[in-house]
Amino acid sequence: MNCCPSEKQCVLGFDEFGFAVFRRHCDRWKQQHRSHEYSYPSVSTFKIELWQEMFRNWNETDGSCTNKIHSFLESGVPTALRGQLWKCLLGSERVKESSIHTYQDYVQELRSQLSTLGVNEYGVQMAVSTLDGAHKVRAGMAGGTRNLAPAREPEVKIETLRQIVLDVERSFPTHCSLMGRSAEAKEGQAKLFRILSAYAEYNPQIGYCQGMSYIAAMLLMNMQEQDAFWALVVLLEKPKYLAGFYEHSLDTIQRHAKIFQQLLKHRMPCLWQHMENLKVAPLLFITTWFLTLFTSLPCWDTVLAIWDLIILYGINTIFSTGLCILQLLEPRLLAMSDVSHLLPTLLRIPVEVSRYSILVPALWMTKVHKWELDCMQSVVLEEEEEEMMSSGRQETLKNTLTKMLKIARCYLQDLGQLPKDLATSPSQDRSPSARGHTKYHGSKGEARRVNSRRGRTERTNL
């Protein structure tokens, strides 16, 4: 069957989470990796009332709230209350209240910057794509704009804006709030652009890094725009969650990949050895899993349940989820003898494995404790130190051998036994001055005594 002539004709409608349902055999149907068959539990009216009562009496300093949520999560989270749950668990309201500037301050600053280009957040794509990346959009160029921080001049690089625009267009392109050019999609894309650009202004040391758009978009699907911004701040900067994940050096995510590799080695040695034999390093798939917090899984009800646990327990759940997925995939991965089959399976988790009724109960049974991660991190740090020391020892040995060779040349030259072609190294000038020797006009015996003293001096230095 031929593909539908337009995307609009391909879309049959949207599922309960807002994702487009395509006609079979359309290009978009073939390309998407999303299931619309959900198996999450329905929440009774009585349970919803208990949730609401808990939020009315919420106290961040009271550990009983967290313990109560733990028992509530297994029976499912009411979709309409999920944003409120995340906001309470993250404590983003406290961060918002303690901030010097409001979210509206950052948005106003962004709009002032965009006005210098003659555009706004709804039409920035065309303007940004035509500008040179070396230029900067500077704050304060428009009249009446106040600086956010007197100590510095706020600015967002054009290259940063361009990358945000590109990623906004690529983030969940089949979700109703971001898909196409409808009024809803334009507003959704503008919100996502504002949040990501505001964060780049809020924390210029990090700015923007690929992967953030999925985190921000997920928050926007469940929260109001301002709440989503402050929730993003907490997720990206609190050590309990994703602090350091989006550094441009990628040092943190690489270390987490090594920690996960050690965890895999101890928990699932057969699969670890199999992947070692096929040269499949965890970094190849862990980066996608961790930086997008498993939003690439095809079953959205499962993704939401994973996020509930991540926001409740933090980074431990990220490792638990990765381990759980590999445990469910282990039989089929061990049967694969070619990396060309194994790696795509890890990057596009099969629907039958990611279903709520399969993955989520298994995740509740898969625990990775903080002490366990601390042990794995100690192993990784020791290995890194050994590598550095080994590299340092090799460099020291090389320097020692180089000095010994110089002294040997000096002695052989004194004895007249050094061949002419070895008198200097190939990279050195053959002239006496370049070799560091001063021409001596005394007798041969005096010259030999001078060279002998030079040799003793070099041995002492060595």
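Predicted model: local features only at pLDDT ≥ 70, side-chain atom pairs only at ≥ 80, totals over all residues.
The phi of Phe294 is positive, about 65°, even though the residue is not a glycine. Is Phe294 buried or exposed? With a relative accessible area of 1%, Phe294 is buried, since the cut-off for that word is under 20%.

Leu293 belongs to this loop as well, which runs between helix 15 (283-291) and helix 16 (300-313). Leu293 is another non-glycine residue with a positive phi, here about 50°, and that value comes just after helix 15. Leu293 too is buried, at a relative accessible area of 1%.

Now step back into helix 15 itself. Which of its residues are buried? They are Phe285, Ile286, Trp289, Phe290 and Leu291. What do the buried residues of helix 15 pack against? Their partners are helix 11 (212-222), helix 13, helix 14 (269-277), helix 17 and helix 18 (339-347).

Two of those partners, helix 13 and helix 17, also pack against each other, and they deserve a visit of their own. In general, two packed helices are described by the angle between their axes and the distance between the axes. For helix 13 (residues 251-267) and helix 17 (residues 315-334), the angle is about 50° and the axes lie 11 Å apart. The two helices are therefore oblique to each other, and their crossing is right-handed. On the helix 13 side, the contact is made by His256, Ile259, Phe260, Leu263, Leu264 and Arg267, while helix 17 brings Ile315, Phe319, Gly322, Leu323 and Leu326.

Finally, zoom out to the whole protein chain. You will find 23 helices and four strands in it. How much of the chain is buried? Of its 462 residues, 44% count as buried. The accessible surface comes to about 24300 Å², and carbon and sulfur atoms hold 53% of that area. As for how the chain meets itself, take the contacts with a separation of 6 or more: 70% of them are between residues 24 or more positions apart.

Conventions. Residues numbered from 1 in each chain as written. Heavy atoms only, no water. Buried < 20%, exposed > 50% of the residue type's maximum accessible area, 1.4 Å probe, protein only. Contact = heavy atoms within 4.5 Å. Areas by Shrake-Rupley, 256 points an atom, 1.4 Å probe, with all protein chains shown as cover. Axes fitted to C-alpha atoms, helices over the stretch in contact; angles between N-to-C directions. Parallel < 35°, antiparallel > 145°, perpendicular 65-115°, else oblique. Left-handed = near helix turned anticlockwise from the far one by under 90°.
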